[in-house]
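Me: I am new to this structure and would like to learn how to read its features step by step. Could you take me through them slowly?

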Amino acid sequence: MSHSPDVELRLPAESAYVAVLRMTTAGLAARLDFTLDDIEDLRMAVGEACALVLEHADPGGDLHAWFDLSDGSIRVAVAADSSSDANPDEGSFGWQVLTALTSDVVSRREGQLHWVSFTVRSSIAA
Amino acid sequence: MPGPEPDLTPDPAPELAHALELENAPQIGTVTDTGPREGRSHRRAPLTARQLSTRELSHSLFTELTDPETPDARRSSCREELVRLHLPLVDHCARRFMNRGEPLDDLVQVGTIGLIKSVDRFDNERGVEFSTYATPTILGEIKRYFRDKGWAIRVPRRLQELRMSISAVTGDMSQDLGRSPTPREIAERLGVSVEEVMEGIESANAYSTLSLDAGDSGEDGQGNSMLDSLGMDDEALAHVEIRESLKPLIDQLPSREKRILMLRFFRGMTQSQIAEEIGVSQMHVSRLLNRTLAQLRTSLTEVG
């Protein structure tokens, strides 16, 4: 990402740590006064995005997460080191869930990093 | 969120009647009364043959099991047979707890442990039916499973209670606000901090948490993702149309060509096998097949 994000987190690229990331995301969203439903959507979206990037992640690599916090909306990007050039299957169920729950879903590759990002807006601010 | 506290105060006797009925239903059209006195029904009007045999078999097996003269090998096979005989009872008990967040197979498994325990503890001299005795034990074992294993992660009582008050307040507040409340609003209502509310919500997810795409890394290590259990469009669905359009075309084929086609693609025979069956050379079969297929393809595209 070109500018500096508000919150950055690095975890081992293992599905066991996705729960930690989900919890962190929920905590951040609570600070932004998201409703419980929004938080639940966000949590699910993070889980699916992680599943998408972890599918092609190198074993022993890192899982990166960036959070861009603004009033009433949060942009999340998750990335994992991946030497395979496979892109997330946009027909997959996980991708469908992600696009249904969030907006501006982008999947991109930057060098070794393969990342998926999306935005969730608070239903109150809207 | 499935309630980990199933409500259970069953009267064992109707359970028994029910289980026996389930077992008997396919063979016997008329099944006797299902009243709560089923346990003593041997005093009543004639029983169906199958019911009698289950009961009598169970009884005689227990007599043999408790007889000190019975050799050990025979005793263990009696025990096994008794357990097997009453498995439908376990299944019936386990089904009552379906859709409460635990797989039925697991419930059947713990229920079976309860059944084995009751076979070992049953006293044949008391004059009660075995199923009457076993049902509470089986149900008890299943209930205990819910109590001990209900939560994927053991959550402190304080958090379980917090979670309950959060979900109660969330319902009320959603009504009042016309949208779901924010953690801050809940915190204000409950008089706790936002962090505690988040903790309480997080604990609710401890019952079970999995992404749909996440692999199953459980002890059985089958590596199935939850996604595998979801339904999808049948792949063969696309072929339906083709098959339907092919049908009339195949019907128009000369009988020999049609026969070859059937043998090749429906019976899965090789060309040489077909050649033998029909009495021509394999080369000829190959030529005929090619010609027929080309013909079908052309007529199909013409129609399309």
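This is a predicted model: local features need pLDDT of at least 70, side-chain atom pairs count only at pLDDT 80 or more; totals for chains, interfaces and linings use all residues.

Me: Which residues of the largest nonpolar core touch the most other members?

Reply: As a general idea, nonpolar side chains in soluble globular proteins tend to be buried together. Here the largest nonpolar core has 43 residues, and those that touch the most other members are Ala49(A), Cys50(A), Val53(A) and Val78(A). Helix H2 of chain A, residues 36-54, supplies the largest share of this core, with 11 residues.

Me: What is Val53(A) in contact with, leaving aside its neighbours within four places in sequence?

Reply: Val53(A) is in contact with Val78(A), Ala79(A) and Ala80(A), and also with His114(A), Trp115(A) and Val116(A).

Me: Where do the buried residues of H7(B) fall, seen down the axis of the helix?

Reply: Helix H7 of chain B runs over residues 157-177 and reaches 29 Å from its first C-alpha to its last, close to the 30 Å expected. Its buried residues include Leu162(B), Arg163(B), Ile166(B) and Thr170(B). The buried residues of H7(B) fall within an arc of 100 degrees, so they line one face of the helix. That face packs against H2 of chain A, together with helices H8 and H9 of chain B, whereas on the other side of H7(B) the exposed residues include Arg157(B), Glu161(B), Met164(B) and Asp176(B). Just after H7(B), Gly178(B) takes a positive phi of about 75 degrees.

Notes. Residues are numbered from 1 along each chain as its sequence is written. Chains are lettered from A and ligands numbered from 1 in the order in which they are written. A nonpolar core is a set of buried Ala, Val, Leu, Ile, Met, Phe, Trp, Tyr and Cys residues joined through C-beta atoms within 7 Å. A residue is buried if 20 or more other C-beta atoms lie within 10 Å of its own, exposed if 12 or fewer, and partly exposed in between; C-beta atoms are placed from the backbone. Helices (H or I, at least four residues) and strands (E, at least two) are DSSP runs, numbered from the N terminus. Two residues are in contact if their C-beta atoms, placed from the backbone, lie within 7 Å. The expected span of a helix is 1.5 Å times one less than its number of residues. The arc is that of the directions from the helix axis to the C-beta atoms.
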